[in-house]
Structure formats: structure tokens, C-alpha cells
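Notebook open, model loaded. I'm jotting down what I look up as I go.

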Amino acid sequence: MASLTPSMRQFTTCLRCVRQVPAANGAPQRMLSSSAAAREEVQTQPAAASTQSPPPPQSVSTAAAEVPEYMQKWGTLDPEMVENKKQERRLIRREGLQPVGSRRRRAALRLSAIRKTEEVPFEQLPYQCFQEARKFLQEDRLEKLKDIKTQQQRIQAVAASNASEQAKRDRIAHMKLHLNDLIIAADINDPMVKRKFEDGQGDMNKPIYRHLAEKKWREFKRKVLEQRVTQLSVVPDLLPSLDLTADIDLSFGRKTVAPGDFVESFISEKMPTLHVQTFTPGEKLVTVAIVDADVPVPEEDGFTTRCHFIASNIRISPSETSIPLQRIAEDDKKSADDKKIALPWVAPWAHKGAPYHRLAVVVLEQNESKKFDISKLSTIKRDGFSLRGFIGSQKLKPLTATLFRTKWDESMAEVMERAGLKEEAKIEFKRKRIEPLPYKRRTERMR
């Protein structure tokens, strides 16, 4: 690693020596003057992606509508028959589809199609060991079904007993948990169930598929999301704590954004689409809030927050996961009765020379699925928005959260001008030069 010049070494030393003032919640307060430049922070995007010059905003819609010529040369890609990594990447990139099932199964299906062999149903595969195992599993499932019937009769008996209402509720709730475990145990070893789940054909209204999906999510994806939310200090800067209980995916058009990724300003100018997968039965009403946690305040040498979007009364369920904010905004313009957007979308923006901005996307469950009065929420001030206070006043429960980052780029000035922030686009943050100590000056003169 190349050695730093004396002035740069002194500059980094002074930044490390800045004492962090604790905030009211016990977390260290972030100072504007001591914030590192964006290039010094953790990068989550590949280096190659940052070197590409962003296309103009006018070409985004045309690029989505027309397939480039080099993609047309890839030919037809079947999600059920792509068998190598290159074809899988091309399928996701061009069609926006995920491959179905395992790679070994897709290769077998493609080979069978080439040979034109007769397709045998999965449950009738002519393998003796497989069929004997299925018989054993079917006998075990019959026993579990008897236990399920017995447990249902016990629940009905408790409901008809003369005990107090509170004792009945507590007892029945405990017995329903055991009943749900029995329902999952009856189907968890069924090869047909596992095959449908791997192919993405499972019905999320059934407990077994919700159980398998939650187990898969907690093994890896939830750990990554929790790491990024903690590493980028969404907790405790915006939320005191967060127990992730639902999966969330964020995308701008066809661009899927991983938690913590940098998003170009011309892409984030339009509203994103969320996919929230819950693992508990029943419908929920949720509120979506998007908050910028890094709005610089040079006068106070610190940062404040800004609310970019709030929408409430959005219905989700295990089988209804999509939250298309752009479509919700269009529906609000058509109908004035059932509005959902309280604060319309404001494109994220950052000043030139300022550190990157963290945009937190938080999904909050409404208490007892009660609808909010959108006209009252529309009076909330954007600048200095407190997510903690909003959750407490509206009695909301955080379900899940993700985030993306933005910083000054080549198209930021045009985005800010279209948002009516032409004067803000002219502001540039510059770091103050720290004069070296006397003995450092003498060393520089001698050199």
C-alpha cells in the first residue's frame, strides 16, 4: 500500500480524534465534519458497475420495452430447461424470471425432451426403493391425520366447557399451536410437497409451504438483511430495535436492489416496487415509510432526517405479496375515496461532495388492521421526521425493513432540477483543509 502524504496523514488522524457525542438514545451521534467520503465507506456494488456511465433518463423506458440485439442472439430460454450458470444469468437478465427447480432436474427434463422419451409422473417413478419409502411415509401421515382429528375434538371440547373466557382463550391458543405443528409434520416429508416448493408452485395459504419458506429465509436471506440493517446503523439511528418477521425485496423497475446497494439517481427517481412475504396466516394492513437518515445540517455539524414517502392501509397476505407503489399512486389519482398515499414520493437526492444518504424502507403493521385517516397523516412534516415518534403515535409494529443508498452522480443535477430543487443542485460541500502542526510544516520544507 502506497504511503500517504504528510498532509493527508494528518487529515485522517484528525478525523479519528474527533470525539463522538452520545445521543439521547445512547447511540453515538454522527457528525457531518467527521463523516468519511463515500469512496472510503463499505461498498456493496461491484467495481465494474460503478464505472459504467448512466444512460439518460429518456432511454430507460425504451430500453425496457425493446430487447437489445445481443440479447436476441441468446435464443429461446425455457425456465424449466436451462441447465448451466450462463443460461440462468441470461434468463434472469433478459426475461426477469428465475429458473424452476434444481439444475439437475432441469438438465434431466431437457435431455428427455431431446430424446422425446415418455414423461412419467413423479409419484409413479419406477424405483422400488422410492415406492417403498412413499408407502412408509403414507402410513406415518395417516397416523398424523388421526392425531390432528383428535386435537380438533379436544379444542371443541375446551370451547364448550364451563371455564372462564380468559382461560378458554389461553388454552385454545396453546392447543392451536400444537395443531399447527401436527399439520406441518403430516406433510413435511411428502416428496410431492417438497417438489412443488422447490419449483415455486407451493400454496402459501397452507401451513406447510409457509413453514418451508420461512425456514429457507431464516437460513441465509434474513441473516444478510439483518447484517446490512445493523452494519449501516438503521438500528439505532431510525429504529430502537427491529425483529425481522417478514421477507422483503426492493426493485426499481426491473432492477432488483440488494440491501445497502447504491442506486443511481435517474433510477430512484421513480417509485420502487416492494415484495413483502409474510409467514403468518391472515391478511394485514401495513404502512410503508421511506426515510432519508442522512440529511446534512452544516450549521449544526450534524445530520437530520427527511421523509420521502408514506402510504397506509395497504393489504398484504402470505399469497398477496406485491406492493407496487407506482400503481397505488395512479389508483389514488383516479379515486378520491380510498386513498392510500399520505406523503407523495420525492426522489432521493444528495449534494455534491456530501457523504452518501441511507434511504430506509420500513414496513409497519397497523394495530388490529384498523384503517388510518390519510388526511391526518398528510399533515406530517417531511423535514426532521421522527420514525420513532411516528411508530409510537400511530401504534405501529415494524415487520421488516431494507435500505438503499444514494450519492451525487452525473444525473443527480437533472433529477433535482425536475424535482424543483435547481438552487440546491448548485450547492457543493467541500472539506476544510486542516493545517499541519509546526513540526510537520518543518518536515515538508526540508523535503
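Why is strand β1 (residues 247–252) largely enclosed by the rest of the structure? I checked burial, and 5 of the 6 residues of β1 are buried, so the rest of the structure largely encloses this strand. Buried here means under 20% relative accessible area, exposed over 50%, and partly exposed in between, with a 1.4 Å probe and protein chains only.

Ground rules before I go on. This is a predicted model, where local features need pLDDT of at least 70 and side-chain atom pairs count only at pLDDT 80 or more, while totals for chains, interfaces and linings use all residues. Residues are numbered from 1 along each chain as its sequence is written, and side-chain values use heavy atoms, with hydrogens and water left out.

**Entry: whole chain.** I get 17 helices and 9 strands. These are DSSP runs numbered from the N terminus, helices being H or I of at least four residues and strands E of at least two. Of the 447 residues, 36% count as buried. The accessible surface is about 27600 Å², and 51% of that belongs to carbon and sulfur atoms; the areas come from Shrake-Rupley with a 1.4 Å probe, and for residues only the protein chains shown count as cover. I also looked at contacts (heavy atoms within 4.5 Å). Among those with a separation of 6 or more, 73% come from residues 24 or more positions apart.

**Entry: partners of β1.** Strands pair if DSSP finds at least two bridges between them. β1 runs antiparallel to β3 (residues 273–277), with 5 bridges, and isoleucine 248 sits opposite valine 276 there. β1 is also antiparallel to β2 (residues 255–257), through 3 bridges, with leucine 250 opposite valine 257. The β1–β2 hairpin has 2 residues between the strands, and glycine 253 takes a positive phi near 65°.

**Entry: the five-stranded sheet.** I traced an open sheet in the order β7-β5-β4-β8-β9, with antiparallel pairing. β7 (341–343) and β9 (396–406) are at the edges with a single partner strand each, so one side of each has no neighbour in the sheet. The twist averages 15° from one strand to the next. Further in, I found 7 bridges joining β4 (residues 284–297) to antiparallel β8 (residues 357–366); isoleucine 290 has valine 361 in β8 as its bridge partner.

**Entry: a helix on the sheet.** Which strands does helix α13 (residues 325–334) lie across? I noted β4, β5 (302–316) and β7, with α13 running at about 95° to β7. Axes are lines fitted to C-alpha atoms, for helices over the stretch in contact, and angles run from 0 to 180 degrees between N-to-C directions.
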